[in-house]
Amino acid sequence: MGREICTFSDFYRLSAEIKRKYGIGIQLVEVIGNRWSFLAGESDEESFLPPKRVRVGRRFGVVSAQWELLPDFEKERILALVKRYDER
Amino acid sequence: MTLSVKERDWMSRVIKEDEIRRYMQGDTDFIDDEEIWSKLLSNRNPDRKWIEDILQKSLAVETLTPDETAALLNVEDPELWDEMFRVAGEVKKKVYDNRIVTFAPLYCSNYCVNNCLYCGFRRENLKEKRRRLTLEEVKEEVSVLAGEIGHKRLIVVYGEHPLSDARYIADTIEAIYSVKVPTRNGLGQIRRVNVNAAPMSIEDLRMLRDVGIGTYQVFQETYNHDLYAKVHPKGTIKHDYRWRLYCMHRALEAGIDDVAIGVLFGLYDWRFEVMGLLYHARELERQFDGIGPHTISFPRLMPAAEAPFVQETRYKVSDEDFKKIITVLRLAVPYTGLILTARERAEVRREVMPLGITQTDASTKIGIGAYSDGSENQEIDRQQFIIGDPRSLDEVIRELAEMGYITSFCTAGYRCGRTGDRIMKLLRSGKEGKFCKLNAILTFREWLDDFASEETKKVGEKVIESEIEEVKAGIPDNYPQAVFDELLKYYERIKNGERDLYF
């Protein structure tokens with residue numbers, strides 16, 4: 001109720017695709033001061049590795065424990081989508 | 001004390017009826033006093049086999065139903081209670097591992113427009129010395145907390161008053177996060193600011209969210225409608241039961257996805273109140289995609305200045321019943337954090353810690369400005385109540401270590417997206433506990449190097465050693481080898497002076 005999860009369905013789709021292709025979970029978060037608050041995405045906690053935090057624009061960020069393992073073009077796809085949210 | 005025109009005007013604007021009604025189904029709220037009593041009555045003399053089945057459900061980290069919770073509350077067999085105490089500890093270990101998180105309360109203002117009959121801050125208590133910290137004074141308090149004691153997490157407390165409105169609270173949160181103090185090996189700072197403040201509107205809660213609040217905590221005090229009306233006199237904001245009852249709904253709608261509830265035990269029947277907390281947790285789960293309370297608190301009524309109800313109440317909770325409260329809460333809402341405070345005497349804290357406690361405070365001072373002014377004694381005329389365990393963080397940590405617990409200063413979760421429904425899933429699946437263990441090792445290492453006395457360091461080293469061994473022994477079932485390797489790398493970096501590394 002009242003939360004914005006429903007508007008991030010395209011991120012859910014993309015994160016599911018990334019998970020399927022590479023077995024890597026990515027999460028979209030809203031950055032509010034110290035708080036990186038979960039909004040959408042696929043889990044990757046089974047890796048238990050330290051989370052990599054990537055700030056995108058004023059409001060958002062992407063978190064993934066295996067970010068570095070993703071091919072650059074996939075990273076760019078993800079960041080481009082999140083940038084669109086930030087520009088709304 | 002008469003309210004000023006300005007105070008009255010402010011009070012008239014606080015409650016927004018539509019921000020209560022929008023969550024209600026019809027004209028009733030989700031606490032039905034009669035239903036709670038009926039559940040407690042109809043589940044008397046529960047069958048032992050049923051209780052054993054309920055315990056299995058708790059071990060599977062599933063929220064119990066009202067009938068199941070009422071059954072647990074009705075157990076009379078001491079042997080069965082012993083079994084429940086044991087399973088409660090097991091549930092905690094499964095969800096949160098072996099760690100206890102520590103924090104400190106920071107009281108910023110004791111001005112209050114309310115007049116609660118059990119509280120030292122009540123506006124008719126003319127003996128209370130009123131004070132609101134300036135932002136500079138807040139920073140001085142934090143310098144002691146983060147620079148000398150070594151806390152990383154605070155619960156900041158405010159009376160309900162225009163002088164401590166949402167704007168002031170937001171400013172203090174920002175002030176707290178801004179403080180960085182030199183320690184033995186780097187900089188000390190508060191990494192998570194939780195807030196205990198009066199119910200607010202969605203707009204005000206967004207203001208707190210925007211400055212990076214950790215958890216928003218509001219206690220219902222009592223879930224019994226009639227008693228609530230009696231101890232929170234008419235003409236005060238707090239008299240409105242439903243404004244308070246639905247404040248976590250508003251917080252979640254405002255985007256604060258870590259919320260905390262609690263009861264002041266001793267106002268009313270403790271079994272009823274445990275049921276109230278369960279109903280509250282289930283209501284939040286139902287309306288917000290499974291997000292329940294991040295923590296539950298269960299303070300017991302303590303002596304307070306000019307607070308007549310403290311002497312009057314016939315519901316004071318014995319130490320034995322206090323153990324039962326904690327145990328049933330742990331079993332009924334297995335994923336939630338349980339906070340034990342320094343209100344309780346040291347011997348009580350020792351006794352109940354194994355029942356599923358996840359957080360506790362230490363080096364606690366609750367006088368306004370009491371950390372930085374060096375006062376050692378408790379002063380009833382500037383405190384909300386009297387605390388039972390004034391021991392230092394170093395002493396409490398040493399004792400926890402001697403009991404086999406590792407103290408954790410972890411604040412990682414809310415800084416990397418493990419919040420809201422995601423953290424709930426992690427807690428329910430037992431995965432969060434694995435992060436807890438890793439982060440406890442790293443943050444305890446930091447604290448031992450930066451703040452511990454030699455005596456505490458000695459005991460702490462043994463705990464760290466044993467925790468690292470446990471991680472190693474958990475390969476590959478609990479942790480991949482790569483995680484253990486990464487843990488050791490991080491651990492070395494922290495030993496060499498790096499700070500704030502986490503999983």
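Colleague: Is D97(B) buried or exposed, and how many other C-beta atoms lie within 10 Å?

Modeller: First, a caution: this is a predicted model. In it, D97(B) is buried, because 23 other C-beta atoms lie within 10 Å. The cut-off for a buried residue is 20 or more, so D97(B) qualifies. Find D97(B) in the loop between α6 (78-96) and β1 (99-109) of chain B. Now look at its backbone. Phi of D97(B) is near 60°, a positive value, and D97(B) is not a glycine.

D289(B) is not a glycine either, yet it has a positive phi of about 50°. This residue also sits in a loop, the one between α13 and β8 (295-297) of chain B. How buried is it? D289(B) has 14 other C-beta atoms within 10 Å, so it is partly exposed.

F272(B) counts as buried because it has 21 C-beta neighbours inside 10 Å. Which residues does it touch? Set aside neighbours within four places in sequence, and F272(B) is in contact with I36(B), Y223(B) and N224(B). L427(B) is another matter: its C-alpha atom is 26 Å from that of F272(B). Along the chain, 155 residues separate F272(B) and L427(B).

Next, move to helix α20, where V471(B) lies. V471(B) has 19 other C-beta atoms within 10 Å, so it is partly exposed. Skip residues up to four places away in sequence, and V471(B) touches K437(B), Y479(B), F484(B) and L487(B). V471(B) and E140(B) are 331 residues apart along the chain, and 39 Å separates their C-alpha atoms.

Follow the chain onwards to P476(B). This proline is in the loop between α20 (454-473) and α21 of chain B. A cis peptide bond joins I475(B) to P476(B), with omega at about 5°.

The axes of α19(B) and α21(B) come within 9 Å and cross at roughly 15°. An angle under 35 degrees counts as roughly parallel, so α19(B) and α21(B) are roughly parallel to each other. Their crossing is right-handed. From α19(B), the contact uses L438(B), I441(B), L442(B), R445(B) and E446(B). From α21(B) come L487(B), Y490(B), Y491(B), I494(B) and K495(B). Sort this contact by class and you get 7 nonpolar residues, 3 charged and no polar ones.

Now bring in chain A. Here 30 residues of chain B are in contact with 18 residues of chain A. On the chain B side, α9 (202-210), α18 (420-429), α19 (431-450) and α21 (481-495) each supply at least two residues. That side of chain B has 13 nonpolar, 6 polar and 11 charged residues.

Finally, the overall picture. Chain B has 21 helices and 11 strands. Its radius of gyration is 22 Å, close to the 23 Å that the globule rule gives for 503 residues, so chain B is as compact as a globular protein of that length. The C-alpha trace of chain B spans about 60 × 60 × 40 Å along its principal axes. Of its 503 residues, 54% count as buried. D97(B) and F272(B) are buried residues of this chain. Take the contacts in chain B with a separation of 6 or more: 80% of them join residues 24 or more positions apart.

Chain A has 2 helices and 4 strands. Along the sequence they follow the pattern α-β-β-β-β-α. The radius of gyration of chain A is 12 Å, close to the 12 Å that the globule rule gives for 88 residues, so chain A is as compact as a globular protein of that length. Its C-alpha trace spans about 30 × 25 × 25 Å along the principal axes. In chain A, 38% of the 88 residues are buried. Among its contacts with a separation of 6 or more, 51% come from residues 24 or more positions apart.

Technical notes
Residues are numbered from 1 along each chain as its sequence is written. Chains are lettered from A and ligands numbered from 1 in the order in which they are written. This is a predicted model: local features need pLDDT of at least 70, side-chain atom pairs count only at pLDDT 80 or more; totals for chains, interfaces and linings use all residues. Two residues are in contact if their C-beta atoms, placed from the backbone, lie within 7 Å. Ala, Val, Leu, Ile, Met, Phe, Trp, Tyr, Cys and Pro count as nonpolar, Asp, Glu, Lys and Arg as charged, and the others, Gly among them, as polar. Axes are lines fitted to C-alpha atoms, for helices over the stretch in contact, and angles run from 0 to 180 degrees between N-to-C directions. Angles under 35 degrees count as roughly parallel, over 145 as roughly antiparallel, 65 to 115 as roughly perpendicular and the rest as oblique. A crossing is left-handed if the near helix is turned anticlockwise from the far one by less than a right angle, and right-handed if clockwise. The radius of gyration is taken over C-alpha atoms; the globule rule is 2.2 Å times the number of residues to the power 0.38. A residue is buried if 20 or more other C-beta atoms lie within 10 Å of its own, exposed if 12 or fewer, and partly exposed in between; C-beta atoms are placed from the backbone.
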